[in-house]
Amino acid sequence: MLRTGPKENPGHDNSNQKVYPQPMEEAANRNKEPMETLVSKIFNNISSLKAAYIQLQDAHTPYDPEKIQAADKLVIEELMKLSELKHAYREQKPKVAV
């Protein structure tokens with residue numbers, strides 16, 4: 001059974017207590033900085049991924065298997081970093097060092 005009226009507690013006087021709720025904006029601003037850092041890391045990673053992909057394309061003309069393998073490793077590394085950032089976002093822990 002639920003009580004809908006005020007609790008009766010003879011030892012506590014609740015009439016003088018005040019509640020100071022925090023605005024929702026303050027809570028959002030606290031989470032804003034880590035999110036901005038994460039977004040910045042994502043943009044940096046995508047720029048690095050584009051540069052690595054350009055190296056991969058350049059290695060094909062003229063065809064150089066060693067350059068292709070080296071550039072391919074760079075592309076894979078950047079994709080792995082991007083995947084880590086995605087997982088960090090999903091876990092709501094944007095404290096990933098890249």
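The side chains of Lys81 and Glu78 meet in a salt bridge, 3.8 Å from N to O. A search of the whole structure finds one such bridge. The model is predicted. Its protein chain has two helices and zero strands.

**The salt bridge and its partners**

- Lys81 and Glu78 both belong to helix H2. They sit three residues apart, about one turn of the helix.
- An α-helix has 3.6 residues a turn, so residues three or four places apart point the same way.
- Lys81 is partly exposed, because its relative accessible area of 30% falls between the 20% and 50% cut-offs.
- Glu78 is buried, because its relative accessible area is 10%, under the 20% limit.
- Setting aside residues up to four places away in sequence, Glu78 touches Asn45, Ser48, Leu49 and Ala52.

**Asn45, across from Glu78**

- Asn45 is part of helix H1, which covers residues 24-59.
- The side chains of Asn45 and Glu78 make a polar contact at 3.0 Å.
- Asn45 has a relative accessibility of 2%, so it counts as buried.
- Beyond residues up to four places away in sequence, Asn45 touches Glu78, Lys81, Leu82 and Leu85. Both residues of the salt bridge, Lys81 and Glu78, are therefore among the contacts of Asn45.

**The nonpolar core**

- The largest nonpolar core has seven residues: Leu49, Ala52, Leu56, Ala59, Ile68, Ala71 and Val75.
- H1 and helix H2 (65-90) each supply at least two residues of this core. The largest share, four residues, comes from H1.
- In soluble globular proteins, nonpolar side chains tend to be buried together.
- Leu49 is one of the core residues. Apart from neighbours within four places in sequence, Leu49 is in contact with Val75, Glu78 and Leu79.

**Helix H2 and what follows**

- H2 has 26 residues. From its first C-alpha to its last, H2 reaches 37 Å, close to the 38 Å expected at 1.5 Å a residue.
- The buried residues of H2 are Ile68, Ala71, Val75, Glu78, Leu85 and Ala88.
- Gln92 follows H2. The phi of Gln92 is positive, near 60 degrees.

**The loop between the helices**

- Pro62 has its place in the loop between H1 and H2.
- The peptide bond from Thr61 to Pro62 is cis, with omega near -10 degrees.

- Lys50 lies in helix H1. Its relative accessibility is 57%, so Lys50 counts as exposed.
- Lys50 and Val75 are 25 residues apart in sequence. Their C-alpha atoms are 8.4 Å apart in space.
- Met35 also lies in helix H1. At 28% relative accessibility, Met35 counts as partly exposed.
- Met35 and Gln92 are 57 residues apart in sequence, yet 9.1 Å apart from C-alpha to C-alpha.
- Tyr89 is found in helix H2. Tyr89 is partly exposed, with a relative accessible area of 43%.
- Tyr89 and Met35 are 54 residues apart along the chain. Their C-alpha atoms are separated by 8.5 Å.
- Leaving out neighbours within four places in sequence, Tyr89 is in contact with Met35 and Leu38.

**The chain as a whole**

- The protein chain has 98 residues, and buried residues make up 14% of them.
- The accessible surface of the chain comes to about 9,000 Å². Carbon and sulfur atoms hold 55% of that surface.

Terms used
Residues are numbered from 1 along each chain as its sequence is written. This is a predicted model: local features need pLDDT of at least 70, side-chain atom pairs count only at pLDDT 80 or more; totals for chains, interfaces and linings use all residues. Side-chain values use heavy atoms; hydrogens and water are left out. Buried means under 20% relative accessible area, exposed over 50%, partly exposed in between (1.4 Å probe, protein chains only). A polar contact is a pair of N or O atoms within 3.5 Å; within protein, one must be able to donate a hydrogen and the other to accept it, and residues adjacent in sequence count only if both atoms are side-chain atoms. Contact means heavy atoms within 4.5 Å. Accessible areas come from the Shrake-Rupley method with a 1.4 Å probe; for residues, only the protein chains shown count as cover. A nonpolar core is a set of buried Ala, Val, Leu, Ile, Met, Phe, Trp, Tyr and Cys residues joined through side-chain atoms within 4.5 Å. The expected span of a helix is 1.5 Å times one less than its number of residues. A salt bridge is a side-chain nitrogen of Lys or Arg within 4 Å of a carboxyl oxygen of Asp or Glu.
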